[in-house]
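Look at the sequence and structure first.

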Amino acid sequence: MKTGLLIVDMQESIVRQKMDQKAIDHACEYINHVANVLRSNDHVVVHIQDVEGMEGAEPEQYQVISEIDVDGEDITITKESSNAFWQTNLEQTLKDLGVELLIVSGFAAEECVLFTYNGAMERGFRPVMLQNGILSTHPEVISSTYRDRNVISYPVVDYLIG
């Protein structure tokens, strides 16, 4: 089964202004580990970038933060709404690559991460949240996300993929 990792909205203008460095480093450690496991086993890594309202902004403001490892083989999808599947080519791209299981990570757990998770489910993918790989400015949201959604940990990814 082909697996994809979605890294949602881990961008300079979004994350830096809202999260402390310790939280960013913690989430990025898990996201990068899973991304490297997937890449080294011919699976898919997708960076989702929110460009809504970015007209006229400096390009570095919506680039992926430096703590996230970006590989030349990774896919980048831009979006203008909270759900990365809405009015983008994400669904078709993943289907063309044969992706069935989607690991969702990034910022913000209660908004774009959750809406993208739901969008994946609605389109027939099997979404799971990456444990320790999601961020929110509201800590209680992280707990409820893990409680109410399917979750996968990096050791399980290592076992299944590696």
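**Sheet, helix and pockets**

Reader: Which residue in strand 4 is the bridge partner of leucine 5?

Author: This is a predicted model: local features need pLDDT of at least 70, side-chain atom pairs count only at pLDDT 80 or more, and totals for chains, interfaces and linings use all residues. Numbering starts from 1 along each chain as its sequence is written, and side-chain values use heavy atoms, with hydrogens and water left out. Helices (H or I, at least four residues) and strands (E, at least two) are DSSP runs, numbered from the N terminus. In strand 4, leucine 5 has as its bridge partner isoleucine 103.

Reader: How many bridges join strand 4 to strand 5?

Author: Two strands pair if DSSP finds at least two bridges between them. Strand 1 (residues 2-8) pairs with strand 4 in the parallel sense over seven bridges. Strand 4 (residues 99-107) and strand 5 also run parallel, and the number of bridges joining them is six.

Reader: Which residue of strand 5 stands opposite valine 104?

Author: Phenylalanine 107 has leucine 135 of strand 5 as its bridge partner. Valine 104 faces another residue of strand 5, methionine 129.

Reader: Which strands stand at the edges of the sheet?

Author: The sheet is open, with six strands in the order 3-2-1-4-5-6 and parallel pairing. Two strands have a single partner each, so one side of each lacks a neighbour in the sheet: strand 3 (75-79) and strand 6 (151-152).

Reader: How many residues of strand 5 are buried?

Author: Buried means under 20% relative accessible area, exposed over 50%, partly exposed in between (1.4 Å probe, protein chains only). Strand 4 is mostly covered, with eight of its nine residues buried. Strand 5 is largely enclosed by the rest of the structure, because its buried residues number seven of the 10.

Reader: Which residues does arginine 126 contact, beyond its neighbours within four places in sequence?

Author: Arginine 126 lies in strand 5. Contact means heavy atoms within 4.5 Å. With those neighbours set aside, arginine 126 touches Met1, Glu100, Leu101 and Leu102.

Reader: Which strand do the buried residues of helix 5 pack against?

Author: Helix 5 (residues 139-148) buries Val141, Ile142 and Thr145. Down the helix axis they fall within an arc of 105°, taken from the directions from the axis to the C-beta atoms, so they line one face of the helix. The face turned away from the buried side carries exposed Pro139, Glu140, Ser143 and Arg147. The buried residues of helix 5 pack against strand 5 (126-135).

Reader: How much space lies in the largest pocket?

Author: On a 1 Å grid over the protein atoms alone, a pocket is an open set of points where a 1.4 Å probe fits, with protein on both sides within 12 Å along at least five of seven lines; lining residues have an atom within 4 Å of a point. Its lining has 14 residues, and Ile14, Lys18, Asp50, Glu111 and Cys112 lie nearest the centre. Grid points are joined across faces, edges and corners, and a volume is the space filled by probe spheres set on them. For the largest pocket that is about 230 Å³.
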